[in-house]
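Keep the viewer open and try each task before you read on.

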Amino acid sequence: GYQSFLKIHSKSHAMWRRIAFESLCGSPGNVLTALRTLGSDPNIGMISPQGFLVQRSLSTVILAKVSCKNYKILLDNLFNVNLENMQLLYREMFGKELDSKSDFTFSAGTMFWCRYEDFHVDDWVKIMPWLSDRWSSKIEHDGQIEHAIERLFGIILFLNNVTIVEIGVPVKPIGIFHQQYLLP
């Protein structure tokens, strides 16, 4: 079976998409680092693009801080608006209540590497018929089921004592020409 997987999707904002994609798989080194980390450290279950990791206990967060633009997002919009749907999803998946006061982390943008066993794939497959009736026809604002799913990915890891870490955009080498180094 699979040990790890890469979850990606198109983002409407080109800069977020580029930074997330480059962080996660922009070089062979980043891909190998992600796979080795997930394969060797059982305490790490997810790898998020740098700048996209959001923790609930913070009052505000800078999203995509590696970019030239900073996006300030209030946590009320990230968690509280989605809490009802997060609780519905959690109850449907696990048959118990989600502690709404838990401090947890998630990867904003829903692009990440994850260890397969930590993702609870069978539980996600089990609720797909339930979810299919709740998809939004157009994702225009926070608070829809799709945003609750994004946050629940991290909650499941948090509640299983598994950590989410970040990986940065790979360094792009440049060439510098010095005439004095030319051979005759």
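**Exercise 1.** Where does V169 lie? Then describe its surroundings.

*Solution.* Start with the position: V169 is in the segment that follows β8 (163-167). Keep in mind that this is a predicted model. Next, take the accessibility: V169 has a relative accessibility of 31%, and this value falls between the limits of 20% and 50%, so the residue counts as partly exposed. Setting aside neighbours within four places in sequence, V169 contacts I19, E22, S23, N30 and Q50. Finally, check a C-alpha distance: V169 and L24 are 145 residues apart along the chain, and their C-alpha atoms are separated by 7.6 Å.

**Exercise 2.** Find the strand partners of β7 and sort its side chains by direction.

*Solution.* Begin with β1 (residues 4-7): four bridges join it to β7, and the two run antiparallel. In this pairing, F5 stands opposite C114 of β7. Move on to β2, which pairs with β7 in the antiparallel sense over two bridges. Here I47 faces W113 of β7.

**Exercise 3.** Classify two aromatic pairs by their geometry, and say what each pair links.

*Solution.* The count of aromatic pairs comes to eleven. Take W16 and F52: their ring centres are 6.1 Å apart with 80 degrees between the planes, and the pair is edge-to-face. This pair links distant parts of the chain, with W16 in helix α1 (residues 14-25) and F52 in the loop between β2 (44-49) and β3 (53-55), 36 residues apart. W16 has a relative accessible area of 15% and is therefore buried; F52, at 1%, is buried too.

Now try F112 and F153. Their ring centres lie 5.5 Å apart and their planes meet at 70 degrees; because edge-to-face needs over 60 degrees, this pair qualifies. F112 belongs to strand β7 (residues 112-115) and F153 to helix α7, so the pair ties together parts 41 residues apart in sequence. Both F112 and F153 are buried. These two rings also belong to a cluster in which ring pairs link Y2, F5, F112, Y116, F119, W124 and F153.

**Exercise 4.** Decide where the prediction calls for caution.

*Solution.* Look at the whole chain, then at its parts. The average pLDDT is 81, and 80% of the residues score at least 70. Over residues 64-70, however, the pLDDT is below 50. Beyond near neighbours in sequence, that stretch has twelve contacts in the model.

Definitions and conventions. Residues are numbered from 1 along each chain as its sequence is written. Side-chain values use heavy atoms; hydrogens and water are left out. Rings of Phe, Tyr and Trp (its six-membered ring) pair if their centres lie within 6.5 Å; planes under 30 degrees apart count as stacked, over 60 as edge-to-face and the rest as tilted. Buried means under 20% relative accessible area, exposed over 50%, partly exposed in between (1.4 Å probe, protein chains only). Contact means heavy atoms within 4.5 Å. Two strands pair if DSSP finds at least two bridges between them. pLDDT is the predictor's confidence in each residue, from 0 to 100.
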